[in-house]
Amino acid sequence: MSTAETGTGAPADSQEALAAERAAVTAAGPSLPSRAGRRVTSLGSRAGLPVLVAGVIIGLWYLVSEVALNQYQRFMLPPPNQVLQVGFFTWSNFTALVGALRWTAQVTFIGLAISIVLGVGAALLMSQAKWVENALYPWAVVLQTVPILALTPMLSFFFGFALTPRVIVAVIIAFFPIVSNTLFGLQSADRSMHDLFTLHKTGRWTRLWKLQFPAALPAMFAGFRVSAGLAVIGAIVGEFFFKQGQPGLGTNMSVYTSLTEGAQLWANVLTASLLGITVFVLFGWLSRRVVGRWYMPSSR
Amino acid sequence: MTTATSAPALRFSGVTKKFSGGTTALADANLEVSSGEFVAVVGPSGCGKSTLLRIASGLDDVSAGTVDVGAKQLGYVFQDATLLPWRSVAQNVGLLAELEKMDKAERGRRITEAIDLVGLTGFEKHLPHQLSGGMRMRASLARSLVLDPDLFLFDEPFGALDEITRERLNDELLRMFELRQFAALFITHSVAEAVFLSTRVTVMSGRPGCVIADIPVPFDYPRVPELRYTPEFASLCGEVSQLLRGL
């Protein structure tokens, strides 16, 4: 059969029908006129509603601080303006806060990076053989449920009291969602897709690289996002236990709690959540960059 | 081109398939597809029609009996388009050639040719979610066509499409069949589709499935869409339907 024949075989009416089908698809493409309008409303609800909720939270905060607590109890939750003034607008406190943020952020990112490498690696291994999964997965669950408190003496014995044990705590807390999501993603490809690869005698690596791994990406990024928030918590929890070396936000929280310096404590708490939100948003953005082009959550 | 050569592209002799759960999907099934022949298989749900294809392609093995595959290259078209959502149309169409390690220049040439044959020229860079169901199925067909198979296995490929799209794709599938003269084993629920496409309709009984009738379809190729409205077509469809109902 020659190449020349192939393009011209279609009967006219079928060509016409196809043209109609194409037109329908093109029209449904990304150039709908209403799209700009939709984007504005979605931006409005995406930015507007959280701001509204923030207003409610700040109102409640004032209510608790000024009404529910008397002047002797107020140190537990000083009003927002006092937190801002003492924690953020007093220069020496602010530089200390930024320094602590730097260290906590460092522990967070190192811990998260290690969690991603180990978590994805473990999930890849488990996806390759059921017996590996059966052998390792229960221990990933155990690792998630083990109380960090029980590990602290051992961690300090082996790794001291500075950066390393903090990172290890962050990894222990952030590890599991990455393993479970990645494994779920790697096993998510359709049976018929697998059949197609089987029909063409595809090797394990090609199947992993061309089918399972790309199919896993959306679930993997969902896991990264959850773990990013957990890594912040892990870093702070680690700093609670291991206070040597540079102070982080967790170190400060622990110190200011015992000093009953509420404004400073809450300044550190707010900064910590800001760090959490930042890494969460960062991974959301990264996820859209990598899989947003093709991955359509079913809500759309 | 209706005269098929006698060499069988696929032959089932006394094929029985029992699953580990105890279900017998096929019992002593005998079936032959000669090269250049288009055989449609109809039968009630769960009669092991899809199992036929899985066995023919080597995805499943037989419990008893033998299967001879004379074809050198198989094409397998699934119930859904099974496109990789992260690959463009052209990349999806090239997938099987890629898995078969076809030389890149040759692959590129065949991708262009197959996309043209299924009428998707201009949509090479689109992603599957940007296409309609019918167009996704066209891309799926093109993916198999790239390897230029001499035996096509179709597992109810158009079952999920609306009637109009289905008929249109039937017309185009016939055009591809007339051009490339592959052998085909086509599983379907639709009697009209079976009669319209095939040189022979095989009727299967309910579980456990075996072949109960073989009805030759006398219409010459190339077939026109209007064939569907002729009395001869209707009466043949009626005959097949009655056989199915008698089960």
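## Helix packing and nonpolar cores

In this predicted model, helices α5(A) and α8(A) cross each other in a right-handed manner. Helix α5 of chain A covers residues 91–128 and helix α8 of chain A covers residues 163–186, and the two pack at an angle of about 40°, with their axes 6 Å apart. Sorted by class, the residues in the contact of α5(A) with α8(A) are 20 nonpolar, six polar and one charged.

Of the 300 residues of chain A, 32% count as buried, and among the contacts in chain A with a separation of 6 or more, 77% join residues 24 or more positions apart.

In soluble globular proteins, nonpolar side chains tend to be buried together.

| Core | Residues in the core | Some of its members |
|---|---|---|
| Largest nonpolar core | 75 residues | B:Ala142, B:Ala184, B:Leu185 and B:Phe186 |
| Second, separate core | 55 residues | A:Val169, A:Phe221, A:Tyr256 and A:Leu265 |

The four residues named for the largest nonpolar core are those with the most contacts inside it. Helix α5 of chain B (residues 133–145) gives this core its largest share, six residues, and the core draws at least three residues from each of domain 1 (1–72 + 150–168 + 183–247) and domain 2 (84–149) of chain B.

Which residues is B:Ala142 in contact with, leaving aside its neighbours within four places in sequence? B:Ala142 is then in contact with B:Val93, B:Ala114, B:Ile115, B:Leu117, B:Val118 and B:Leu120.

Methods
Residues numbered from 1 in each chain as written. Chains lettered and ligands numbered in written order. Predicted model: local features only at pLDDT ≥ 70, side-chain atom pairs only at ≥ 80, totals over all residues. Buried ≥ 20, exposed ≤ 12 C-beta atoms within 10 Å, placed from the backbone. Contact = placed C-beta atoms within 7 Å. Axes fitted to C-alpha atoms, helices over the stretch in contact; angles between N-to-C directions. Helix = DSSP H or I, 4+ residues; strand = E, 2+ residues; numbered from the N terminus. Left-handed = near helix turned anticlockwise from the far one by under 90°. Nonpolar A, V, L, I, M, F, W, Y, C, P; charged D, E, K, R; others polar. Core = buried A, V, L, I, M, F, W, Y, C linked by C-beta atoms within 7 Å. Domains from an automatic or database assignment.
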